[in-house]
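My plan was to look things up one at a time and write down what I found.

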Amino acid sequence: MAESTRLPGFSVQAFGNNSSEPLASEENNEVQQRRKANTNLIYLLNFFHMMMLTVVLGPVFDLHMFWLSSGAQHLGAVGATNVSWEAVLVPTSDLTSKREFVLTFSAKLTSNITNGSLLSVSASPNTTGFGAYSPALFVDGKTNQVDLFMDRPTNTRTKCKSLQSLRVGEWHYFQVVLVGNNSMHNRSVHNQMVEPGATALFIDDQFACQCGAGQPSPESGQPLTAYAGAGHPSGVSTNATVKEVYYGGAPSNLIIGIVEVLRGFLCVVLLWPLRKLVGFRRAFLLRGSVFMGLLACTLFIFSPWMKTTFTAISMVVASVIALLIYLLLLSSPLMKMMADNVQLVARYKAAARFRLSSAAAMACAPLIQLFALVQQTGGCQNYWNLHNTWILTSTGWVWLPIVAFTTWVIGSKDVRGPTIMPEERGLNCHWLNQNLCCGCTRRLIVPMMCELFSVLRLAADGLTVRFLLLYFVEERNFSPADLCCLICVSRFLTTIFSYCFCLIAKPVGRANAALLLHLSSCGALWLLADTSSTLLACVFYVLRLATCHAAEPIISSIAFDTIEPSRRWYWSQFSSMRICAFSLSTLAGSFVVDQYGFAVSFKLTCAMLVASVPPFLLVVCLFPRREGVGHLVLPTKEEYSVSAMSVSEEARDEPLYQRSVVSGRFFRGAAMA
């Protein structure tokens, strides 16, 4: 084993030393093999854990909450209707009218087509008077075109006719949307501007027609009855199969912001008491996290069977809380086990493999959702409704048994970390402790400005991060399959681009690279809001994610390299500020998206990102590319005397010691660079 010479204030190892040798000399091969096996198990656990979280708390979960906010009721399904009977759809609870509503269902015409009603929601059952069509859809037997009728409180019956014809024997997805008159602007549905007061019909996510613009909305709270094939004046019903009928109010993005605020608040509140559990056995914490994961899974899976929307939303929120506790219980012991099983000098490679397993999991997770979508029985499943979002989100729980088994294996083979570790090297201490202004040093100003910059970035990103993929669904008409493909490709490309973008930090400097990536992400978001091309929107979305993700670790590395190692725990407490800033801005972003649209939210984010730059300009000035390598500080006579007295006579004669005395304490910064 190569020799090591310790000098006052720093340590130097001779050239050619193998960093794994100090640990190898203290442990036998059996313990080393156990540590290696534990490390591989941690990578595997992180892969399945991240795959589960990506599906369960990913963009489809936001869409599930979006549709759940409408209070949509499942009105059941009915087989082929004919002229001899009328099917009454029975909801899970009392069906009442709403001033703004969304009616969705799937239907397939048979070969024997007659003129008649396809589906109707009636406030006046068994009649054809005003209120019977609230709304009603009829099919023309000759042209297979659909007529939409909507009765208004002023005894006015509005009507419009779709230009496209339905194909016989194929499933079609219908969506009827009523926009209230109290809207401050035209509402965008599937990238089509629906006028206030109008009732619009969409077939297969394509605009068909709209009627009744400016008419008063129906009164809310009136009892309704839904029919499949009933209500036509001639008493004739269309031969068709109708299924997955949902009726609810207008969905809102506000619930996404509310859930995010609740999650951020609980994360801050639970972080301190859960950290007190670190003293418990790590196997106990890992198995406790699995119990909370099972609880979260149970609450979410059974939420659709609740009779009221409030109860269903409450169960989903409780599931999110249980999943948050699961995450907090799992992350701390997992990181400590990783640190105990990997040497300090090898932790950089271990962290890179850990991030690679996370990136691979996030890229593979949408493929599982796409597989679940394809495996659904029946046709016309590639559309958004409450049932499909629940299925796509629930597929993530299939990985929970694997996570539970892996945590049990890791907990039973837990090995405490070695006591001998190489000394950590950092930047030039004299350069970091240099008095810049009024007693403020670089150690204080640089991490403070980095932290302020991170808080401002998250406050700006919170306006749009949770709504970027909703933008592709609501504005770009992305189906579930389209969204899964976009997420998979974007995560894969983001991982590659983020790694490539991080390479520019060495030639241009970390601070300059972070600023460049920050401004690039801002520009990509602005172009995403302005472009009319869907392909370019996808490209700008990937660039936005890649540049944003590449800048974050660079900023964090600058902050933690300038902080004294003994005080890093203090600066880590500021993570609660970042969580609160992101959560509150998400709530504000949900309001902006509902009232003014996605484009306004995106451009407002760009303005806030540009406004957050000034604090980081100070970091660029105080943390140049060379990072203090050229800052040479010669030792004083007293320091030289103390250093000489603390080194043996034999060590003074070594050339390495002679060079070290001249170079002084900046040697650590040069070695780090």
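**Entry 1: two asparagines**

I looked up N477 and found it in the loop between α12 (468-474) and α13 (480-502). This is a predicted model, so I read every value below as a property of the prediction. N477 has a positive phi of about 60 degrees, although it is not a glycine.

Is N477 buried, partly exposed or exposed? Its relative accessible area is 22%, so N477 is partly exposed. The cut-off for buried is under 20%.

Next I turned to N144. N144 sits in the loop between β7 and β8 (146-152). Its phi is near 60 degrees, again a positive value in a residue other than glycine. At 13% relative accessibility, N144 counts as buried.

**Entry 2: a cis peptide bond**

I checked the peptide bond from S134 to P135. That bond is cis, with omega near 0 degrees. I wrote beside it that most peptide bonds are trans. P135 belongs to the loop between β6 (116-122) and β7 (136-139).

**Entry 3: cysteines**

How many disulfides does the structure hold? I found one. It joins C160 to C209, with 2.3 Å from S to S. The partners come from distant parts of the chain, 49 residues apart. C160 is in strand β9 (residues 156-161), and C209 is in strand β14 (residues 206-211). The link of C160 and C209 is right-handed, with 50 degrees about the S-S bond. Both C160 and C209 are buried.

A disulfide needs the two sulfur atoms within 2.5 Å. C211 is buried too, with a relative accessible area of 6%. I also looked up C548, which counts as buried at 12% relative accessibility.

**Entry 4: α13 against α16**

I moved on to pairs of helices. Two packed helices are described by the angle between their axes and the distance between the axes. I took down both values for α13 and helix α16 (residues 534-562). Their axes come within 8 Å and cross at roughly 45 degrees. α13 and α16 are therefore oblique to each other. The crossing of α13 with α16 is right-handed.

Which residues make the contact? From α13 I listed L486, S490, L493, T494, F497, S498, F501 and C502. From α16 I listed C538, Y541, V542, L545, A546, T547, H549, A550 and I554. By class, the contact of α13 with α16 has twelve nonpolar residues, five polar and no charged.

**Entry 5: α3 against α6**

An angle over 145 degrees counts as roughly antiparallel. The crossing of α3 and α6 is left-handed.

α3 brings F61, M65 and L68 to the contact. α6 brings T309, A312, I313, V316 and V320. I counted the classes in the contact of α3 with α6: seven nonpolar, one polar and no charged.

**Entry 6: two buried residues**

I looked up Q369 in helix α7 (residues 347-374). Q369 counts as buried, at 4% relative accessibility. What does Q369 touch, leaving out residues up to four places away in sequence? My list reads V55, V60, L392, T395 and C484.

Y173 came next, in strand β10 (residues 171-178). At 3% relative accessibility, Y173 counts as buried. I noted the C-alpha atoms of Y173 and I203, which are separated by 5.7 Å. Along the chain, Y173 and I203 are 30 residues apart.

**Entry 7: the whole chain**

Last, I stepped back to the totals. The secondary structure comes to 24 helices and 18 strands. The chain has 673 residues, and 50% of them count as buried. I also looked up contacts between residues at least 6 apart in sequence. Of those contacts, 78% join residues at least 24 apart.

Methods. Residues are numbered from 1 along each chain as its sequence is written. This is a predicted model: local features need pLDDT of at least 70, side-chain atom pairs count only at pLDDT 80 or more; totals for chains, interfaces and linings use all residues. Side-chain values use heavy atoms; hydrogens and water are left out. Helices (H or I, at least four residues) and strands (E, at least two) are DSSP runs, numbered from the N terminus. Buried means under 20% relative accessible area, exposed over 50%, partly exposed in between (1.4 Å probe, protein chains only). A crossing is left-handed if the near helix is turned anticlockwise from the far one by less than a right angle, and right-handed if clockwise. Contact means heavy atoms within 4.5 Å. Ala, Val, Leu, Ile, Met, Phe, Trp, Tyr, Cys and Pro count as nonpolar, Asp, Glu, Lys and Arg as charged, and the others, Gly among them, as polar. Axes are lines fitted to C-alpha atoms, for helices over the stretch in contact, and angles run from 0 to 180 degrees between N-to-C directions. Angles under 35 degrees count as roughly parallel, over 145 as roughly antiparallel, 65 to 115 as roughly perpendicular and the rest as oblique.
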